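Work through the exercises below with the sequence and the structure at hand. Each task is followed by a solution in steps.

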Amino acid sequence: MTHLSDMPAQNLSATGQRHVPPLEATPLTQLLDMENLQQLTLSFSEATGVSSAIIDQEGKVLAASRWQRLCTDYHRANPATCARCIESDTDLALKMREGKDWAIYDCRNGLTDAAAPIVIGDQHVANVFVGQFLRSAADEDFFRHQAREFGFDEGGYFQALHEVPTVSEEKLPAILGFMKGFARLVSSLGNERLSLQREVRKNLEQERLLIQQSRLAAMGEMVHNIAHQWRQPLNALSIVISNIKDDYDFKELTPEALEKAVHHSRRLLQQMSSTIDDFRDFFRPDREPGEFDVAHAIDDALFIMEASLKNNNISLEKQYAPGLVVYGYANQFAQAVLNIIANAKEALQGQNRPDRMIRIRLEQAGGHAILTIQDNGGGVPVAVLPRIFEPYFTTKELGSGIGLYMTKTIIERNLHGTVSAANHEHGLLITIVLPLLQQDTQK
Ligand SMILES: Nc1ncnc2c1ncn2[C@@H]1O[C@H](COP(=O)(O)OP(=O)(O)O)[C@@H](O)[C@H]1O
Ligand SMILES: [Mg+2]
């Protein structure tokens, strides 16, 4: 037996819903190309002398050029001046949180920085900072006084001060313009990626759901068949039990008769148990794709449907070219065929004709296997025909509309084949074309 499906069922909960992490959990670094952004902040700093950084809402630095030594080595290193730095950080962060699209802050340590928010998916996720810089030539008296007040080594402090760039009033709009534009660009890049991710997520989810639904439908088919196949051994068991009781009542229950009854019962139970095993194999997923014989896979699907077809007085005509081997997931292919046969059966159920039949032909044409499945169940109205492979398209009251969509997806995506449908004679004709694995070894 091949097995039904390699679908990653572990991603599905009992209700068929896939567990998708909430969007908030999407790390910014996955949305944004951090390496390029880092390069950009470095280039900006090299070109202008002004540092810049992207810092997320938790204070994590995602990209940054080198900070000013005046800040890192002096102001941030001393508790009193550091408190002023934090004041500056907080003020800017607050303004960003209030929804300002940019803000500038002159800190009490004599420097200036500015910030603009990055907003992705309506969430304010990070800020772009530029700074620190001086807005005019350094007021040396102010900084000398500051060095003395906080005990900074004056020589080193002034050296660091001279490294701080001055951004004149004329140059300021350009720097702020860059910052605002940069924040907007990062936001829109992030938004683009986010909607792309959402789209992909949605599609994945939908596909998984479809596979799960069609798997459930196949399981329903299976239970139906097991029930049918058990009917005969269950009847037989019931007769064996009645016989034992009768023999006992008439005092005719010899050890030999009892032994025979037990033996018979065991064989019937064995038969029932192996029916379950056969079906269960069909639903065990293939872990890996591989070479498989197309005819065997078709028979696997037919095996699941056998009892149903018989129940509905549907005769089966099979004609297989032997030894056609393709590469892929055999179980999925069997599922694809099963969906088609289930449709044929359902179409025939609605037809009051004595010669209900499904004809399955497997042939070779060049490097391809051609599988046709034809029924005489009345076919599809011409207006409907182009739509039958669409997801959720159904004309049945209780239909799901996913069977043929599933079939098409499996045939095209996993087996690189094609599938088409046409009305032919008194029913529908489905044609599947699959590329054969080894052309030269085929007959
Ligand atoms: N063998 C067939 N005979 C007639 N109509 C069919 C046949 N196979 C498919 N169809 C049409 O295609 C539709 C889509 O089929 P499918 O995707 O399997 O969904 P469902 O069986 O749940 O309706 C069906 O509702 C039916 O109208
Ligand atoms: Mg169907």
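**Exercise 1.** Find the residues that Lys408 is in contact with, leaving aside its neighbours within four places in sequence, and state whether Lys408 is buried or exposed.

Solution. Step 1: two residues are in contact if their C-beta atoms, placed from the backbone, lie within 7 Å. With neighbours within four places in sequence left aside, Lys408 is in contact with Phe389 and Val419. Step 2: a residue is buried if 20 or more other C-beta atoms lie within 10 Å of its own, exposed if 12 or fewer, and partly exposed in between, again with C-beta atoms placed from the backbone. Lys408 has 22 C-beta neighbours inside 10 Å, so it counts as buried. Step 3: Lys408 belongs to helix H11; helices (H or I, at least four residues) and strands (E, at least two) are DSSP runs, numbered from the N terminus. Step 4: from Lys408 to Glu390 the C-alpha distance is 9.2 Å, while the two are 18 residues apart in sequence.

The model is predicted: local features need pLDDT of at least 70 and side-chain atom pairs count only at pLDDT 80 or more, whereas totals for chains, interfaces and linings use all residues. Residues are numbered from 1 along each chain as its sequence is written, and chains are lettered from A and ligands numbered from 1 in the order in which they are written.

**Exercise 2.** Describe how H10 and H11 pack.

Solution. Step 1: two packed helices are described by the angle between their axes and the distance between the axes. Axes are lines fitted to C-alpha atoms, for helices over the stretch in contact, and angles run from 0 to 180 degrees between N-to-C directions. For H10 and H11 the axes come within 9 Å and cross at roughly 150 degrees. Step 2: this makes H10 roughly antiparallel to H11, given that angles under 35 degrees count as roughly parallel, over 145 as roughly antiparallel, 65 to 115 as roughly perpendicular and the rest as oblique. Step 3: H10 and H11 cross in a left-handed way; a crossing is left-handed if the near helix is turned anticlockwise from the far one by less than a right angle, and right-handed if clockwise. Step 4: residues that make the contact include Phe333, Ala336 and Ile340 of H10 and Leu404, Thr407 and Ile411 of H11. By class, this contact has eight nonpolar, seven polar and no charged residues. Ala, Val, Leu, Ile, Met, Phe, Trp, Tyr, Cys and Pro count as nonpolar, Asp, Glu, Lys and Arg as charged, and the others, Gly among them, as polar.

**Exercise 3.** Which helices each supply at least two residues of the shell around ligand 1?

Solution. Step 1: 22 residues surround ligand 1, and the closest are Asn343, Ala347, Thr394, Gly399 and Gly403. A residue is near a molecule if its C-beta atom, placed from the backbone, lies within 6 Å of it. Step 2: helix H10 (330–349) and helix H11 (403–414) each supply at least two residues of this shell. H10 gives the most, with four residues. Step 3: the shell has ten nonpolar, ten polar and two charged residues.

**Exercise 4.** Describe the packing of H7 against H11 and against H9.

Solution. Step 1: helix H7 (residues 172–249) packs with H11 at an angle of about 115 degrees, their axes being 10 Å apart. The crossing of H7 and H11 is left-handed. Leu210, Ile211 and Ser214 in H7 meet Gly403, Tyr405 and Met406 in H11. That contact has four nonpolar, two polar and no charged residues. Step 2: the axes of H7 and H9 come within 8 Å and cross at roughly 65 degrees, so these helices are roughly perpendicular to each other. H7 also passes H9 in a left-handed crossing.

**Exercise 5.** Where do Asn313 and Glu425 lie?

Solution. Step 1: Asn313 is found in the loop between helix H9 (294–311) and strand S7 (315–320). Its phi is positive, about 55 degrees, although Asn313 is not a glycine. Step 2: Glu425 lies in the loop between strand S11 (418–424) and strand S12 (427–435). With 11 C-beta neighbours inside 10 Å, Glu425 counts as exposed.
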